[in-house]
Each structure stands twice: as structure tokens, then as C-alpha cells.
Amino acid sequence: MITEEIKKRMIAIIGPENFDDSKVGRLCYSYDATPDLQALPDAVVSPRNTEEVSELVKICNENKIPIVPRGTGTNLCGGTCPTEGGIVFLFKHMNQILELDLDNLTMTVQPGVITLDVIKKAEANGLFYPPDPGSMKSSTIGGNISENSGGLRGLKYGVTRDYVMGLEIVMANGDIIRTGGKLAKDVAGYDLTRLYVGAEGTLGIITEAILKLVPIPETKKTILALYEDLEAAARTVSKIIANKIIPATLEFLDQPTIAAVEDYVKIGLPTEAKAVLLIEQDGSPEQVEKDMAKIADICRSEQAVSVQMAKTVEEAEALTTARRTALSAIARIKPTTILEDATVPRSEIAKMVKAINEIAEKYNLPICTFGHSGDGNLHPTVPTDARNKEEMERVEQAFEEIFIKAIELGGTITGEHGVGVVKAPYLELKLGKAGIAAMMAIKNGLDPNNIMNPGKVFAKDSRKRVVVGQ
Amino acid sequence: MTTVQEQQTIQNVFQDRMDQDELLNCMRCGFCLPSCPTYITSGYKESHSPRGRIALMKAVVDGLIEPDEDFEQSLNQCLGCRACEPVCPSGVNYGHLLEEARDIINQNKKHSLPVRTVRKAVFEGLFPHQNRMRTMTGLLGFYQRSGLQKVARSTGVMKLFPESLATMERVLPKVPTMKEMKNRPEFLPAVAPKTNRVAFFTGCLMDTMFLETNNATMKLLQLAGCEIVIPQNQNCCGALHGHSGEKDGSKALAKKNIKAFEDLNVDYIITNAGGCGAFLVDYDHLLKDDPEWKDRAKDFKDKIKDITQILYEVDFHKKVKLELPYQIVTYQDSCHLRNVMKTSAAPRALLQAIERIDYTEMKDADRCCGSAGIYNIVESEMSMQILDYKMEQTKATHASTVVTANPGCLLQMKLGIEREGLSEKMRAVHIVDLLMEAVQE
Ligand SMILES: Cc1cc2nc3c(=O)[nH]c(=O)nc-3n(C[C@H](O)[C@H](O)[C@H](O)COP(=O)(O)OP(=O)(O)OC[C@H]3O[C@@H](n4cnc5c(N)ncnc54)[C@H](O)[C@@H]3O)c2cc1C
Ligand code: SF4
Ligand code: SF4
């Protein structure tokens, strides 16, 4: 509960225009991109700087008010849904690129900066910021860091974690700390930077980040390989890696996904193919030529029916852009779209694809599968209707089996979308009781009053549910 | 103010009438946020974004919130520019949701007396009647020619109006006389080898205040080898009604227009106002629940084409020599032409074909100018902020000629030029008028 007195104190810090407890204002921050999940916060605040964040957090800590930090709310795990009420923190004023350091190849940013703006700023200076989640046009760096987001370029270049060198954090008690720095080497104490990457807002608020940049690759080539057989495509993926080639991008799309994407982008994608691989390699022109020739050979040896190289930069760009829209495009098919991101070791990708199809058949569900297959990260997606309770039950059971299968294959329940509310009941599958206890100890130590994004990551009970109602 | 009682009714009608599948279709991915001018201009308020507005409509349906003042404010501030539609991978038809929501609110809310009187006069008394539109425009002409305009300006009467309206008064075009407006042939032959037989949708504003542009449009069509039918019993397209929550009024106008164009045996129906065109291509949705009209509306809709699109398709710019004295020219998209009629390449190609000019694309040309029907009058503050941004981008091109393809945008750009004190250096023109100027016969 936010009393009048607390409200007054907060307004004194940030001004009336940055405190909103109207019904409309609260409703607009009651959801994120997670299907069928909604809960109203008690208020929404927009601090203008780190000090204001710290002052606000102190008030919340004193009064045990839950805090939900929020970027653009594009996460898919219920991470910003205020399931326990409390106050949503927005970073719309803290959205500046503070510094581009060309000597150390770093960029210092505030949490509200849009991912694509970081990428563009780097490119304008001949540099490269590789993490490129499908949502990069609207997602924020604060959200990317907190979910440790991956992207299409993850296979070769890694994920957000690999590009965060230092952070400024407001702790749950309001203390402000700095971790890491513009340092290639730093072993002074625990690596708190890594701890906060992927912490999903449950350990503190990120108010600044130092990002690592790399030189931009000289050139880039894209090919599209079509298959009549899903598993042949998946085998190709494992084989490319086994041949010691690491492409920049290695994406997999099955037929229903291609059809949905084509329906939106209308660029003439091959909707008749059973599966498609989108492969990109970058680097020096000679190396790219060499790798691409070899990749094309491997595709053909695995019975690809067609292997085509994009002729122009625009054509290549159109293909990757099309891939980025896959999830939202599938959302056209049915009112509710439920997607998971089970991840397995690259070598197991063909087995996982096969298992997903068998499970889909068993539960009589139309599952579209696409994903960053090069990372072993798949996105089996079910277009459904939340109003159809019977089908939702089946969806739930199917996903549970998919998770179990992924773990069996040495994988994990989530590769990049995070645990949040939605996958909290499954965390134990991956970590075991002792693993959960270790994480709990960290959480309790850093946030003893459990105000930082409560209800996320750790399940209240171990009842398993994929879909949480309102 | 909406009373509690009214809110309750609005909520009930929302549950009845809003398309729930369409509301659920929004998966809240946020892809539309960077394209929404009001989201950006409001300083990234979710309540001023497409995703937020859809969530709010759904929340009213679900009974999570009441349709209170804030709710209405969020919808009122929407430009209806539909920039959120082409970028939505889920294919949410935001425009239809907005129109329905506005209609429900408007039908179930008592406006204050002055607002009611003005609305009635405009929506029932003026726009549906082409002859009254002429008279009204005639009055404006009298006002301009008689010296009254001078009096009004010198006495400062105009200061009583919102700033945008006062400036608007200064930028209105010189209107034609009653006689000019009434003499309109019903048929014009092609003057080049025949390419198409088309009908021309004159548009209520276009055929009064912008009569010259309409004349130029027909001239260009003739030069492009089109023979033109101009049915006399056509009417206002109904867009203004539709966008302002007067759906019944727009349905009546739609039926009249469908009837007027039905048996003309033409290949296309040509418009020269993006705003009208976008509304005309939506007639099938407007009349989707009317079995007698549904298919007729579909036939009508399939024929709608913007003037720039047809000129482009028949290679007008390759067949006719176009040339102008050196000047920098830039183009501001009409939102509805671009986002709904999907016409954005044709006008650019035509402009680029004009010899000796320098065509410079402005940054964010696809972002709304803030005109949006009567938005610039009722939501003056937001509209002017959006216009300021637009003028910044326009100035950055160093253009002396800003081209638009819709009367609302044209007036808004004129307004922007006037506000910046640039009227000596910069002009805003309709693309048709510029092409006519460039034709070398
Ligand atoms: C269509 C679509 C495609 C997607 N594609 C990908 C993809 O390819 N790869 C991928 O990894 N993800 C993807 N995602 C998921 C999502 O976009 C990412 O998780 C993204 O990083 C979220 O960013 P955001 O700004 O929206 O954060 P939000 O959703 O607002 O927040 C995410 C989490 O971060 C926390 N948080 C936000 N800001 C801060 C802060 N300053 N301090 C502390 N905690 C904070 C929140 O509490 C929450 O737990 C996709 C989502 C959609 C809808
Ligand atoms: S892009 Fe479409 S689906 Fe995504 S939030 Fe916007 S309206 Fe909803
Ligand atoms: S119509 Fe325009 S102003 Fe309205 S929500 Fe869509 S993009 Fe924003």
C-alpha cells in the first residue's frame, strides 16, 4: 500500500509529473509481452537520475514496498508484471548514451537506452555491438542486461553478458555501487557484474552500464537453405559446427513459421519448404568466401533442395529482418501465442527438433518451431486461445515434456528469455534443490526484505504451471 | 465530463461491440512503439502508445478499468495516423479498433451544449451536403475578398482562438468563386493515347477550397491517357465522421458514394487526397455487417487508387517531359496514403523524374505532421509539438518546396512554414499542382 505520506515523499523527490497512480497510468504498466498475465501496480515512478532512484528505493525498503524495474516490457517471462503490486520504476528519463570511448572501445549508457540506438551509434563509429535480440528496435539495454538477452548473432559473438564490462547499481537498501570498469582484466573480489547480468531485477536496479564494443567485421554474406525434411536441416546445423565453422548467424525456421512470416513481410519466402536455415557469415572477404562455400557444400550433402546466396546487402537485410519478426508474425495465427526457449547443446539439436514434433503430435497441437539453432536455442511456439481452457491444459503438458526432454539432453529450460514468473516452477528441474538454496542465499543476503521484483525467479510453491491466469 | 452512469453504459457497449479477437491479437511485443508520434512526443508514455491504447480498450472490455477522463484523453490524443499498423507483425488492425471505440464513446456521452451544436452543424449540416460546402467556402471567399479578413486581423479577433486556428486562418488558400465551383463537366476525354477509363472522386474539401488542385488532377489524368467520368451525385467520403465517432453518418455517405460510382464501367476510381482514399478503401469494413452493401462496398474498394499511383503505373513521368527551375524539393508522406493505401514509392518516383530540381528526402518523412483531420484544432498543443519536429526535419533538407499529397497535410505544412516565419523562403504544395507546374507541353 502506498500511503498519502509515502506518495508525498516520493513526489518531493521526483516531482508530480513523474509519479502516477491513476487507473490508466497503472493499467499501462500491468503487462508485458507475456501472454495472459496481468496485474496492476500501485504506482509508477520515473526517476531522473541515480540519486533519485536511490532515494526512492530507500523509501520502498523502509516500507517493504515491492519494486518492479521496467524497460520496455518486451520480456516473455512475466518479468515486469507486478504480480505483487508495488511500484514500477521506469527509465524513460535515463535514456542517454553518456560516452563513447574510442580509446578503450567502450560505450557508457543509461538503462533506458534502446538497444538499436546502441548498435547504430557503434556502427556510425566503425564499431560493433553484437547482441541483437529480435526486439532490439524497442527493447532497452537495462532489460537486455537483466535478461542476459541473446540474438541472431549469438552463435559467434556471444550474448549480452559478453559485452557488459561494468555496472552502476542501486542496491535494495539504496546504496549505490559500481562494479567492474573499462578493464580487460579485473579480479578484485567477486564478479558482481556477472551476477547482475540476468538477475531479472531481483537483486537491485541497474542505473548505468559500460558496454564493450568490437571492430566491425569487414564484410557479410547471407544464404538461405531450403529443406524437405526438418531433421535434415537440424543435422546440417550440428554438422557445420562439427566442421569447425562458426557462422555469425545460424537460424532455423519450420514451415508454419515461414508461412506466418511471409504473410507479414511479403518478400517471397519459400513457403513450400519444410524447413529453412538462414546462415550468415562475416569477417574478411577471403574467409567469408571460404566458409560460405564450405557451408553450402554441407547443406547440399544434407539434401538441401536449394541453397541461395543473397545477391545484395538489401536482400540479406530483408531476410534477417524477416526472421526477427517470426514471433510476432506467428501471433497473427491465433489470439494467444505461447512460446518457450528450451536450449540444448548444439550437438543435440536434431534430437530436440524430433522430440518437439513428437510431443506436438501426442498433444495434438500445432507447434511452430524456429530459433537460434546454432546456439541450440529453439523457440517452439503454440498459437492458441487463452479462452480455450481445455487446449491450454494440453499446451501446458506439452511444454512440460519439452522442458524435461531438454534437461535430459543436457540442456536448460530457458536460453535467453529468463525465468520470471512463467518458468519459476521449473527452475528446480534445472538447478536441483541445492542450486535453488544457493541462489536464495544470495537473494536473501542482498535483498533481505524481498522488495526487488518479488515473485520472480523463485516459485512460491513448486506447483508447475506454464500459464498463469490473471 | 462523463458521468458514472455514462461510463457504465460505455463499458457495456464496449463489451458488446469491440472486436475481442482483434484486441487479443495484440501480443504486446512493443514493435509499434518507435513508430508512434504521440508516444515519442509525450516523452514515452505507454498510455499514449498503440500498445497502451489497445491494452486500455481491452481493460475496459474486461472490466479492469472504467472509461474515465484519462482513458478518453489517451484515445483523443491518438492521431489516427495508423503508423502502428504496417510495423505490426501480428497484423493488428488498430484503425478499426480506434474508430469503434471513438464511436462508442461519442454515441454514449452527452457533449456540452456548444460542442454539441458545433458537431451537429458540421457533421449533419455541412459536410454531407456538397452545395452547402460550396456556400461555406463561398463565404470564406467573401470574407477574404471583401476586406473583412483585414478587419478581423487588425482587430485581433483571431487571437481569441487557439494559436493553431488563428495561424491557420492566415494560411488558408484563396478560395474559388461560387461560379467556378459549380461548373464541372461530367466527362473529360483522354488527350493522349488511351490507357484507362477512370472515375474521379472529387472530395468535398478538394472540390471547394482546393478546386485548382482538382482541376490539375484531371488535367494530368487526361495527359496520362485516361478518360474521366465525374459523377455529380458523389459526396464527402465520410472520413471526418468516421474518425470523430459519427459512424452512422459515415455509413450513409458511403452508401451514397458506392451508388454514385457503381455503374460507370471504369477501371479505377481516382482520389487525390490520401485521407479520403484511405477511408474509401475501408468501406468494405465499414459496411461489413450490412448484407445488402457488403459486396458492393468490396467492388468499390477494389477500384480506389491514388492519383500518384496511377500516373506512376502508366509511366506518365516517362512519357511527359517534366521540368522546373532549380529548387530543392522534399516530400512529406500523407500518413493514410502511406500506411493504409500503401502508396509511398509512386509520389517519390514522380518527383524524382522532374528535371533540374534536387529531390532531398527528409528524415522521418513517414512520421505524421500532426494535422490528422481536426486534430490540430482539438489537440492543439500536441499537434504543434509534433509539427515543430516536422519543421526541424524539413528545414534540415534546405528545401524551398515541400510537397504533400493530402489537403490536411498541405494546410498543416503551410501552418508550419508560417509559424517558423519562413513563408518568404519556403512553400508547401500538393504534388498534383507541382507536377502540373512541371509539365512541358
Ligand atoms: C517479438 C519479440 C522478440 C524477442 N526476441 C528476443 C531475442 O531474440 N532474444 C532474447 O534474448 N530476447 C528476446 N525477446 C525478449 C525481450 O525482448 C528481451 O528479454 C529484452 O531484453 C527485454 O528488454 P526490455 O527493455 O523490454 O525489458 P523489460 O521487459 O522491461 O524487463 C526485462 C527484465 O529486466 C528487468 N529490468 C529492466 N530494466 C532494469 C534495470 N534498469 N535494472 C534492473 N532490472 C531491470 C525487469 O524487471 C525484467 O525482469 C523478444 C521479445 C519479443 C516480444
Ligand atoms: S506491434 Fe502489434 S502486436 Fe506488437 S504491441 Fe504493437 S499492436 Fe500489439
Ligand atoms: S494511429 Fe498513430 S498516433 Fe495513434 S497509436 Fe497508431 S501510431 Fe500512435
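**Figure 1. Lys433(A) counts as exposed, at 65% relative accessibility.** Relative accessible area sorts residues into buried (under 20%), exposed (over 50%) and partly exposed (in between), with a 1.4 Å probe and the protein chains only. The side chain of Lys433(A) meets that of Glu428(A) in a salt bridge, with 3.2 Å from N to O. Here a salt bridge is a side-chain nitrogen of Lys or Arg within 4 Å of a carboxyl oxygen of Asp or Glu. Glu428(A) is partly exposed, its relative accessible area being 36%. The model is predicted, and local features need pLDDT of at least 70, side-chain atom pairs count only at pLDDT 80 or more, and totals for chains, interfaces and linings use all residues, while side-chain values use heavy atoms, leaving out hydrogens and water. Residues are numbered from 1 along each chain as its sequence is written, and chains are lettered from A and ligands numbered from 1 in the order in which they are written.

**Figure 2. Salt bridges in chain B include those of Arg356(B) and Arg367(B).** Arg356(B) is bridged to Glu323(B), and their closest N and O atoms are 3.6 Å apart. Arg356(B) belongs to the loop between helix H21 (345–352) and strand E7 (358–359) of chain B, and Glu323(B) to the loop between helix H19 (316–319) and strand E6 (328–331) of chain B, so the pair ties together parts that are 33 residues apart in sequence. Helices (H or I, at least four residues) and strands (E, at least two) are DSSP runs, numbered from the N terminus. Arg356(B) is exposed, at a relative accessible area of 54%. Arg367(B) meets Asp364(B) at 3.4 Å, N to O; Arg367(B) is buried at 16% relative accessibility, whereas Asp364(B) is partly exposed at 24%. Elsewhere, a network of salt bridges links Arg17(B), Glu100(B), Asp103(B) and Lys247(B). Over all chains, the structure holds 59 salt bridges.

**Figure 3. Strand E13 (residues 249–254) of chain A is largely enclosed by the rest of the structure, because six of its six residues are buried.** Thr249(A), Glu251(A) and Leu253(A) point one way from E13(A), and Leu250(A), Phe252(A) and Asp254(A) point the other way. Strands pair if DSSP finds at least two bridges between them. E13(A) runs antiparallel to strand E14 (residues 275–283) of chain A and is joined to it by six bridges. Strand E17 (residues 368–372) of chain A is also antiparallel to E13(A), with two bridges between them. Leu253(A) stands opposite Val276(A) in E14(A) and opposite Phe370(A) in E17(A).

**Figure 4. Strand E16 (residues 336–339) of chain A is covered on both faces.** Thr336(A) and Ile338(A) lie on one side, Thr337(A) and Leu339(A) on the other, and all are buried. Four bridges pair E16(A) with strand E18 (residues 377–384) of chain A in the antiparallel sense. In this pairing, Thr336(A) faces Thr384(A) of E18(A).

**Figure 5. Pro66(A) lies in the loop between helix H3 (50–63) and strand E3 (67–70) of chain A.** Its relative accessibility of 15% counts as buried. Leaving aside residues up to four places away in sequence, Pro66(A) touches Glu84(A), Gly85(A), Gly86(A), Ile87(A), Ile451(A) and Pro454(A), where contact means heavy atoms within 4.5 Å. Leu203(A) is 137 residues from Pro66(A) in sequence and 12 Å from it in space, C-alpha to C-alpha.

**Figure 6. Cys26(B), Met27(B) and Arg28(B) are among the residues that surround ligand 2.** A residue is near a molecule or strand if one of its heavy atoms lies within 4 Å of it. The shell also includes Cys29(B), Cys32(B) and Cys88(B). By class, this shell has seven nonpolar, two polar and two charged residues. Ala, Val, Leu, Ile, Met, Phe, Trp, Tyr, Cys and Pro count as nonpolar, Asp, Glu, Lys and Arg as charged, and the others, Gly among them, as polar.

**Figure 7. Ligand 3 has 13 residues around it.** Cys36(B), Cys78(B), Cys81(B), Arg82(B) and Cys84(B) come nearest. Helix H3 (37–41) and helix H4 (50–62) of chain B are the elements that give two or more residues to this shell. Its residues divide into nine nonpolar, two polar and two charged.

**Figure 8. Chain B contributes 33 residues and chain A 32 residues to their contact.** About 2700 Å² is buried between the chains, with 58% from carbon and sulfur atoms. Buried area is the accessible area (1.4 Å probe) that two parts lose on being put together, summed over both. Met27(B), Arg28(B) and Pro89(B) supply 22% of the area that chain B buries against chain A, more than any other three residues. Two salt bridges are counted between the chains. Lys23(A) is joined to Glu66(B) by a salt bridge in which the closest N and O atoms are 3.8 Å apart.
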